[in-house]
Amino acid sequence: SGSQPLPALFPSAAMASRRSSSILLAAALGVAMLWAIATLAPMAFVAPPASEELTLRGGVPRNVDAAQAAALGAAVAAMTPEAAHAANQGYAVLQLGWAVFIIGLGPAVLFWIYFNKPEIL
(Lines give C-alpha, C1' and ligand atoms only; values in the text may rest on other atoms or scores of the structure.)
Protein backbone atom coordinates (compact mmCIF):
# COMPACT_ATOMS: atom_id res chain seq x y z
CA SER A 1 0.00 0.00 0.00
CA GLY A 2 1.17 3.52 -0.76
CA SER A 3 2.20 5.75 2.04
CA GLN A 4 -0.08 8.75 2.35
CA PRO A 5 0.96 11.75 4.40
CA LEU A 6 -0.91 12.03 7.67
CA PRO A 7 -2.71 15.30 8.30
CA ALA A 8 -0.73 17.61 10.47
CA LEU A 9 -1.97 17.51 14.03
CA PHE A 10 0.25 20.37 15.09
CA PRO A 11 0.94 23.60 13.23
CA SER A 12 4.28 23.92 11.59
CA ALA A 13 7.10 25.86 13.17
CA ALA A 14 6.61 28.72 10.73
CA MET A 15 2.94 29.00 11.61
CA ALA A 16 3.73 28.93 15.33
CA SER A 17 6.31 31.68 14.97
CA ARG A 18 3.82 33.79 13.00
CA ARG A 19 1.22 33.35 15.73
CA SER A 20 3.61 34.20 18.52
CA SER A 21 5.01 37.19 16.64
CA SER A 22 1.53 38.62 16.11
CA ILE A 23 0.78 38.22 19.83
CA LEU A 24 4.08 39.89 20.68
CA LEU A 25 3.39 42.67 18.21
CA ALA A 26 -0.08 43.27 19.69
CA ALA A 27 1.34 43.30 23.22
CA ALA A 28 4.11 45.70 22.21
CA LEU A 29 1.61 48.03 20.55
CA GLY A 30 -0.60 47.92 23.63
CA VAL A 31 2.30 48.79 25.92
CA ALA A 32 3.40 51.59 23.58
CA MET A 33 -0.12 53.05 23.52
CA LEU A 34 -0.42 52.93 27.31
CA TRP A 35 2.97 54.61 27.65
CA ALA A 36 1.97 57.31 25.14
CA ILE A 37 -1.29 57.98 26.97
CA ALA A 38 0.49 58.10 30.33
CA THR A 39 3.05 60.61 29.09
CA LEU A 40 0.75 62.78 26.95
CA ALA A 41 -2.35 62.89 29.16
CA PRO A 42 -0.91 65.22 31.83
CA MET A 43 -0.06 67.75 29.13
CA ALA A 44 -3.61 67.68 27.73
CA PHE A 45 -5.16 69.31 30.79
CA VAL A 46 -4.97 73.03 31.49
CA ALA A 47 -4.25 74.33 34.96
CA PRO A 48 -7.06 76.33 36.60
CA PRO A 49 -6.73 80.11 36.81
CA ALA A 50 -4.65 81.35 39.71
CA SER A 51 -7.24 83.97 40.69
CA GLU A 52 -8.65 83.34 44.16
CA GLU A 53 -11.53 85.79 43.91
CA LEU A 54 -13.77 83.49 41.82
CA THR A 55 -15.66 80.51 43.15
CA LEU A 56 -15.38 77.11 41.55
CA ARG A 57 -18.90 76.75 40.18
CA GLY A 58 -20.58 80.04 39.50
CA GLY A 59 -17.82 82.43 38.65
CA VAL A 60 -19.31 84.84 41.19
CA PRO A 61 -16.70 86.98 42.96
CA ARG A 62 -16.31 86.18 46.67
CA ASN A 63 -16.94 89.77 47.74
CA VAL A 64 -20.57 89.63 46.50
CA ASP A 65 -23.10 89.06 49.27
CA ALA A 66 -25.71 86.28 49.20
CA ALA A 67 -28.61 88.44 47.96
CA GLN A 68 -26.63 89.77 45.01
CA ALA A 69 -25.40 86.26 44.18
CA ALA A 70 -28.97 84.91 44.30
CA ALA A 71 -30.21 87.70 42.04
CA LEU A 72 -27.35 87.09 39.62
CA GLY A 73 -28.03 83.34 39.62
CA ALA A 74 -31.75 83.88 38.99
CA ALA A 75 -30.99 86.23 36.09
CA VAL A 76 -28.62 83.75 34.51
CA ALA A 77 -31.08 80.87 35.02
CA ALA A 78 -33.90 82.93 33.48
CA MET A 79 -31.83 83.58 30.36
CA THR A 80 -30.94 79.90 29.84
CA PRO A 81 -33.75 77.63 31.11
CA GLU A 82 -32.58 74.69 28.99
CA ALA A 83 -29.32 74.48 30.93
CA ALA A 84 -31.12 73.31 34.06
CA HIS A 85 -32.69 70.38 32.22
CA ALA A 86 -29.54 69.44 30.31
CA ALA A 87 -27.62 68.88 33.55
CA ASN A 88 -30.06 66.22 34.69
CA GLN A 89 -28.56 62.71 34.64
CA GLY A 90 -31.76 61.15 33.31
CA TYR A 91 -31.72 63.52 30.35
CA ALA A 92 -28.12 62.60 29.53
CA VAL A 93 -28.92 58.88 29.70
CA LEU A 94 -31.95 59.44 27.48
CA GLN A 95 -29.81 61.24 24.89
CA LEU A 96 -27.20 58.49 24.95
CA GLY A 97 -29.86 55.83 24.56
CA TRP A 98 -31.37 57.51 21.52
CA ALA A 99 -27.92 58.02 20.01
CA VAL A 100 -27.07 54.32 20.39
CA PHE A 101 -30.47 53.34 18.98
CA ILE A 102 -30.23 55.61 15.93
CA ILE A 103 -26.60 54.75 15.19
CA GLY A 104 -27.38 51.04 15.62
CA LEU A 105 -30.26 51.19 13.12
CA GLY A 106 -27.95 51.46 10.11
CA PRO A 107 -26.05 48.20 10.60
CA ALA A 108 -29.21 46.43 11.80
CA VAL A 109 -31.07 47.32 8.61
CA LEU A 110 -28.10 46.33 6.46
CA PHE A 111 -27.81 42.96 8.20
CA TRP A 112 -31.54 42.34 7.81
CA ILE A 113 -31.37 43.16 4.09
CA TYR A 114 -28.26 41.03 3.62
CA PHE A 115 -29.81 37.95 5.19
CA ASN A 116 -33.45 38.36 4.12
CA LYS A 117 -33.47 40.31 0.84
CA PRO A 118 -29.95 40.07 -0.65
CA GLU A 119 -31.28 40.70 -4.17
CA ILE A 120 -31.83 44.40 -3.43
CA LEU A 121 -28.20 45.01 -2.50
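I began with burial. Of the 121 residues of the chain, 2% count as buried. This is a predicted model. I then looked up the surface: the chain exposes about 11100 Å², and carbon and sulfur atoms supply 72% of that.

Next, the fold elements. I found four helices and zero strands. From the N terminus on, the order reads α-α-α-α.

Then I looked for surface patches. Y91, L94, W98, F101, I102 and L105 form a nonpolar one, with about 630 Å² of accessible area together.

Last, the aromatics. I count three aromatic pairs. W98 and F101 have ring centres 5.7 Å apart and planes at 85 degrees; over 60 counts as edge-to-face, so this pair is edge-to-face. Both residues lie in helix α4, three residues apart, about one turn of the helix. W98 is partly exposed at 49% relative accessible area, and F101 is partly exposed at 46%. I found Y114 and F115 paired edge-to-face too, 5.0 Å centre to centre with 85 degrees between the planes. F115 is exposed, because its relative accessible area is 61% and the cut-off is over 50%. Ring pairs link F111, Y114 and F115 into a cluster.

Conventions: Residues numbered from 1 in each chain as written. Predicted model: local features only at pLDDT ≥ 70, side-chain atom pairs only at ≥ 80, totals over all residues. Heavy atoms only, no water. Helix = DSSP H or I, 4+ residues; strand = E, 2+ residues; numbered from the N terminus. Buried < 20%, exposed > 50% of the residue type's maximum accessible area, 1.4 Å probe, protein only. Areas by Shrake-Rupley, 256 points an atom, 1.4 Å probe, with all protein chains shown as cover. Patch = residues over 30% accessible without salt bridge, like charges linked within 9 Å, V, L, I, M, F, W, Y side chains within 5 Å. Salt bridge = Lys/Arg side-chain N within 4 Å of Asp/Glu carboxyl O. Phe/Tyr/Trp six-rings, centres within 6.5 Å; stacked < 30°, edge-to-face > 60°.
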